[in-house]
Amino acid sequence: MASSRATSRSPRDIANVMQRLQDEQEIVQKRTFTKWINSHLAKRKPPMVVDDLFEDMKDGVKLLALLEVLSGQKLPCEQGRRMKRIHAVANIGTALKFLEGRKIKLVNINSMDIADGRPSIVLGLMWTIILYFQIEELTSNLPQLQSLSSSASSVDSIVSSETASPPSKRKVATKIQGNAKKALLKWVQYTAGKQIGIEVKDFGRSWRSGVAFHSVIHAIRPELVDLEKVKGRSNRENLEDAFTIAETQLGIPRLLDPEDVDVDKPDEKSIMTYVAQFLKHYPDVHNAGSDGLETDEILPVFPSFAISIQSFKREDRLILKEMKVWIEQFERDLTRAQMTESNLQDKYQSFKHFRVQYEIKRKQIEHLIQPLHRDGKLSLDQALVKQSWDRVSSRLFDWHIQLDKSLPAPLGTIGAWLYRAEVALREEITIQQVHEETANTIQRKLEQHKDLLQNTDAHKRAFHEIYRTRSVNGIPVPPDQLEDMAERFHFVSSTSELHLMKMEFLELKYRLLSLLVLAESKLKSWIIKYGRRESVELLLQNYISFIENSKFFEQYEVTYQILKQTAEMYVKADGSVEEAENVMKFMNETTAQWRNLSVEVRSVRSMLEEVISNWDRYGNTVASLQAWLEDAEKMLSQSETAKKDFFRNLPHWIQQHTAMNEAGNFLIETCDEMVSRDLKQQLLLLNGRWRELFMEVKQYARADEMDRMKKEYTDCVTILSGFTTEAHRKFSEPLEVSFINIKLLIQDLEVRGFW
């Protein structure tokens, strides 16, 4: 089966295509998001400007400023010319905690990646902010869109159905682009469809011609657009004209350029960001009634789309009550059918009849009992329907097991096993917040499934013999039930191997994620504003114990290598291009995340040791300098000779004073507010005493040097005097003239330096 799903595209080809698309999207998103951010930072006093999105977010200052403008709240921020990485990480951490406080889930976004300027992570964070503060807020505020809101914030990520077995081939959507996207698209489809009948299917190619932009503008201000003229122009002309009109006439910032949209695959997030701005300018549905129009007249295409929140809830409650009545009647009929005396063939036919009805209603009911509130809680009506539905589901499944078990042996035993195998293969693993718990759950399930599925071949052989003869020991078996069991056997035998491989991959995946999360949490506990020396020493001991004694890096590398091999085997067996892309994306993102994280973790020890070293240097210099200052202040009343002698080593204390301030300033920047305040106060007092003393004794700072220079001067004068005396003597001595004597004299003068 794997081969039938295989594709001729190699993993390398897929990776190249994905990388190219990702690069193109990053360029457009970076440009669009930067313009969106600057449109908000311009409102700040004083205004700020983001020039390079990836660089300007590294210190967290502009990120916090943006959140302040969007939320109206004041957020603490470390800033200044002496900022270090630790301060940048702290700023970004403040921003992320603020977002988490608003129930915004931040998946795979951490302070270190933002501080490193990782493009995909920065863009992901900006998209989350845009989605929450603009798109979701605007769509949820319009009454005609309320019916599309759901239980949780659209920025809450949900875990994919990747643990469903057999492996799902559909692309798993996340609520990040779910509810708000649907609401925005519905609004556009109404406005655009009503005006000129164009079909807007998405936030991609549907916008390439520029007609959709003009249609939305026309819905807001009809006099600004000539729709007939729009239809006859090129894409670039339409796009340029639409962006210009929106900016000059509606005051909508120009976040896009024509070349961003007129491409084969326009970036969805950039277009959503831009289009959402038009919502603020669309006529308020609440005010439409003042024109004498009913709601149904305003939105004739989507009557249910325009109902108020109150009427929607009333209708929803009515549907739930009707559904509860249906389920209760279905349960009564089901119970009556189970109790009816009949042969096995008739019972199975009755069961199939109820199962068909069950499947017809299942999707509708599951949709109705989805939570309607952000806290994930069900309403009373929903809870009652869910309770009844769960009871019916359990009764129907129990009946199925009973029918299988009632078959003559060994078919009854095979049926019971088959049911357990199906449940195992279709079981979804609950993804828990703690990755290690998820991995442990998958491990337990994997062992259980292995034990269960190891009997597949034996049961399969026994069943095939029964299927061939259509009877068990001469007793006929209901044909429909036998055919259904054959299909179920085919499902179990064809998916069990791949199911186990996927379970192994998922267990290792969450093992690796648990190690990453553990490293991140440890890093956050180490990269902090530090306390006194003793607390930093404890952090260093904790680091050594966690990283070095437990061989954390080796543990991660072993887990990663096993995961890599398992992933390759799983992707090859699965044969799905989409699944290969998902696995490859996870492996690449994890590798990049670990690369940056491991560098940060490795640097922690040197940072902690540097802090401890500065505490030691500061403590030693402060103690010795304080003692010396006390003696020095007493010496000021002594004689000049005594002062000169005492302050002869003043240069040494100047060095000590400098070392104390360097260590103290380092600690002030790296320690928490309370410790920093104490250090500042201590340095202020000591530097004040030093300044007053130094003004009195600074002349002694070079006493030793002056004495040395005087001695050197005296020695030089003595040498020079001796030299001149000897020279005078030489030149004054009578010399018997001869060639040899003159030659000897010249040589002697040259040796003595007289020549």
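Asp 241 is partly exposed, with 26% of relative accessible area, where buried stands for under 20% relative accessible area, exposed for over 50%, and partly exposed for what lies in between (1.4 Å probe, protein chains only). Its partner is Arg 233, and the side chains of Asp 241 and Arg 233 meet in a salt bridge with 3.0 Å from N to O; Arg 233 is likewise partly exposed, at 23%. A salt bridge here is a side-chain nitrogen of Lys or Arg within 4 Å of a carboxyl oxygen of Asp or Glu.

This is a predicted model, in which local features need pLDDT of at least 70 and side-chain atom pairs count only at pLDDT 80 or more, while totals for chains, interfaces and linings use all residues. Residues are numbered from 1 along each chain as its sequence is written, and side-chain values use heavy atoms, with hydrogens and water left out.

**Salt bridges**

Side chains of opposite charge can pair when their charged atoms come close. A search of the whole structure finds 39 salt bridges, and the table gives three of them.

| Pair | Closest N to O distance |
|---|---|
| Lys 35 and Asp 257 | 3.2 Å |
| Glu 422 and Arg 488 | 2.8 Å |

Helices (H or I, at least four residues) and strands (E, at least two) are DSSP runs, numbered from the N terminus. Lys 35 counts as partly exposed at 25% relative accessibility, whereas Asp 257, at 16%, counts as buried.

Glu 422 and Arg 488 form a salt bridge with their closest N and O atoms 2.8 Å apart, and this pair links distant parts of the chain, with Glu 422 in helix 18 (residues 411-426) and Arg 488 in helix 21 (residues 479-526), 66 residues apart. Both Glu 422 and Arg 488 are buried. Elsewhere, salt bridges that share partners join Lys 35, Glu 240, Arg 254 and Asp 257 into one network.

**Cavity and pocket**

Rolling a probe the size of a water molecule over the atoms shows where empty space is left. On a 1 Å grid over the protein atoms alone, a cavity is a set of points where a 1.4 Å probe fits but cannot get out, and a pocket is an open set with protein on both sides within 12 Å along at least five of seven lines; lining residues have an atom within 4 Å of a point. Grid points are joined across faces, edges and corners, and a volume is the space filled by probe spheres set on the points.

The structure holds 1 cavity of 30 Å³ or more, and the largest cavity has about 30 Å³ of space. Its lining consists of Asn 110, Met 112, Asp 113, Asp 116, Glu 520, Gln 593, Asn 596 and Leu 597, and the elements that give two or more residues to this lining are helix 5 (111-116) and helix 24 (577-635).

The second largest pocket holds about 940 Å³ of space. Of the 24 residues that line this pocket, Tyr 358, Glu 359, Arg 362, Phe 397 and Arg 426 lie nearest its centre. At least two lining residues come from each of helix 16 (344-368), helix 17 (380-405), helix 18 and helix 21, and helix 17 gives the most, with 7 residues.

**Burial and confidence**

Helix 12 (residues 268-275) is mostly covered, as 6 of its 8 residues are buried, namely Ser 270, Ile 271, Met 272, Thr 273, Tyr 274 and Val 275. In helix 8 (residues 211-220) one finds Ala 219, which is buried with a relative accessible area of 16%. Of the 755 residues of the protein chain, 44% count as buried, and the secondary structure of the chain comes to 29 helices and 2 strands.

The mean pLDDT of the protein chain is 81, and 83% of its residues reach 70 or more, pLDDT being the predictor's confidence in each residue, from 0 to 100. Over residues 1-8 the pLDDT is below 50, and this stretch has 12 contacts in the model beyond near neighbours in sequence, a contact meaning heavy atoms within 4.5 Å. Over residues 284-312 pLDDT stays under 50 as well, and the model has 33 contacts beyond four places in sequence for this stretch.
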